[in-house]
Amino acid sequence: MREKKDLIRYGALCVAALLLLYHYWDSAMSGVGALLGAAQPLLTGCAMAYIVNLIMVFYENTLLKRWRGKASGRRAASITLSLVTLFLILSLILNMILPELRSCMEVLLSSIPTAYGQVMDFLARYPELMELLPGGANSRIDIQQVLDQLFKLVGSGAGASLVNYISSLLTVVFDLIMALFFAVYLLAGKEWLARQTGRLLKTYVSPGITDRLYYVLRTLDSCFHRFIVGQCTEAVILGTLCALGMILFRFPYAVMIGVLVGATALIPIFGAYIGGAVGFIMIFTVSPVQALLFVAFIVVLQQLEGQLIYPRVVGSSIGLPGVFVFAAVLLGGSLFGVLGVLLGIPLTASAYQLLKDDLARRTPL
């Protein structure tokens with residue numbers, strides 16, 4: 001009888017909570033959004049610390065394994081080496097891609113008037129095609145004048161909102177600097193933070209709940225660790241295959257576009273298409289025919305990567321079947337955009353592993 005009353009009371013509390021949540025949903029979401037916005041540098045710092053920690057542990061277990069000085073000096077050296085490693089990798093990728101991409105865009109924009117004139121001269125040979133255009137036979141426009149007006153419009157808009165752009169840029173830079181300092185503090189004192197967190201849990205939380213919480217956190221850490229390693233491995237494989245294939249088919253900018261495709265492949269499933277679009281623009285400035293052939297090449301390569309390489313390299317590394325990998329990317333991207341794409345796979349892998357272990361415990365084979 002008492003259990004029935006407790007069940008009714010808990011049910012009533014749940015219903016009341018749902019009604020309050022429904023009634024004050026907008027206010028609650030506004031409060032959550034404001035809280036997340038204020039905590040964004042801290043959350044970014046946590047993410048940076050987690051990624052840097054993977055490299056830091058590698059240095060501490062290999063290069064600095066026989067460090068004979070103080071532990072604080074060893075930690076400072078490993079953090080410095082990890083940050084320098086990330087900076088060098090990003091600088092190498094950007095220095096290989098951005099200068100050539102800028103020059104290709106300049107060539108492309110300068111060639112638009114000539115290309116437009118050639119297309120219109122070709123259509124002029126066939127009056128029936130000219131009649132299909134919106135302006136008919138008199139639809140020819142001065143494309144150079146249109147480009148000049150567009151540049152003036154963009155320039156005037158940029159000048160009018162220059163203060164806003166500078167303010168936004170300074171805010172982003174400040175948040176990144178604060179996040180970096182917070183990440184360094186987390187990495188420097190991660191053992192102390194772990195001890196204090198364990199002490200709090202031991203004092204205020206029951207042992208059963210503490211053990212379950214540690215188990216869930218270990219599962220999340222394992223899945224995220226294997227996902228990051230697998231994603232980087234897959235990006236290297238895809239970038240290498242892209243560069244080798246472009247060299248084989250004699251496409252221009254082979255190594256550069258291979259690096260670009262590999263870098264954008266860090267975005268699961270669809271990232272290579274982003275690199276492929278930029279590669280198309282770059283090759284188009286050299287040869288439009290080769291650019292179209294490159295599109296066919298990158299589509300075939302992406303299908304090969306999506307159906308064979310990605311599910312086996314990333315899916316197997318995190319223990320998640322290929323169909324769940326694809327579903328996690330689609331649902332995560334639909335709900336939360338790029339962040340959902342990046343976090344969808346490891347979160348799904350964690351839930352899959354927890355459910356799998358619970359089923360094995362409840363219904364052993």
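Three salt bridges turn up in this predicted model, where a salt bridge is a side-chain nitrogen of Lys or Arg within 4 Å of a carboxyl oxygen of Asp or Glu. Side chains of opposite charge can pair when their charged atoms come close. The model is a prediction, so local features need pLDDT of at least 70 and side-chain atom pairs count only at pLDDT 80 or more, while totals for chains, interfaces and linings use all residues. Residues are numbered from 1 along each chain as its sequence is written, and side-chain values use heavy atoms, with hydrogens and water left out.

| Glu60 | Arg75 | 2.7 Å |

Let's begin with Arg75. Glu60, Arg75 and Glu191 are linked in a network of salt bridges. Glu60 forms a salt bridge with Arg75. This pair links distant parts of the chain, 15 residues apart: Glu60 is in helix H3 (residues 40-61) and Arg75 in helix H4 (residues 71-124). Helices are DSSP runs (H or I, at least four residues), numbered from the N terminus.

Glu191, at 37%, counts as partly exposed.

Now for the other pair. Asp358 and Arg361 both lie in helix H13 (residues 322-362), three residues apart, which is about one turn of the helix. Asp358 is partly exposed at 23% relative accessibility, whereas Arg361 is exposed at 58%.

Finally, a look at a pocket. A pocket is an open set of points on a 1 Å grid over the protein atoms alone, where a 1.4 Å probe fits, with protein on both sides within 12 Å along at least five of seven lines; lining residues have an atom within 4 Å of a point. The second largest pocket has a volume of about 180 Å³. Its lining includes Ala328, Leu331, Gly332 and Phe336. By class, this lining has seven nonpolar, three polar and no charged residues; Ala, Val, Leu, Ile, Met, Phe, Trp, Tyr, Cys and Pro count as nonpolar, Asp, Glu, Lys and Arg as charged, and the others, Gly among them, as polar.

Definitions and conventions
Helix = DSSP H or I, 4+ residues; strand = E, 2+ residues; numbered from the N terminus. Buried < 20%, exposed > 50% of the residue type's maximum accessible area, 1.4 Å probe, protein only. Points joined across faces, edges and corners; volume = space filled by probe spheres on them.
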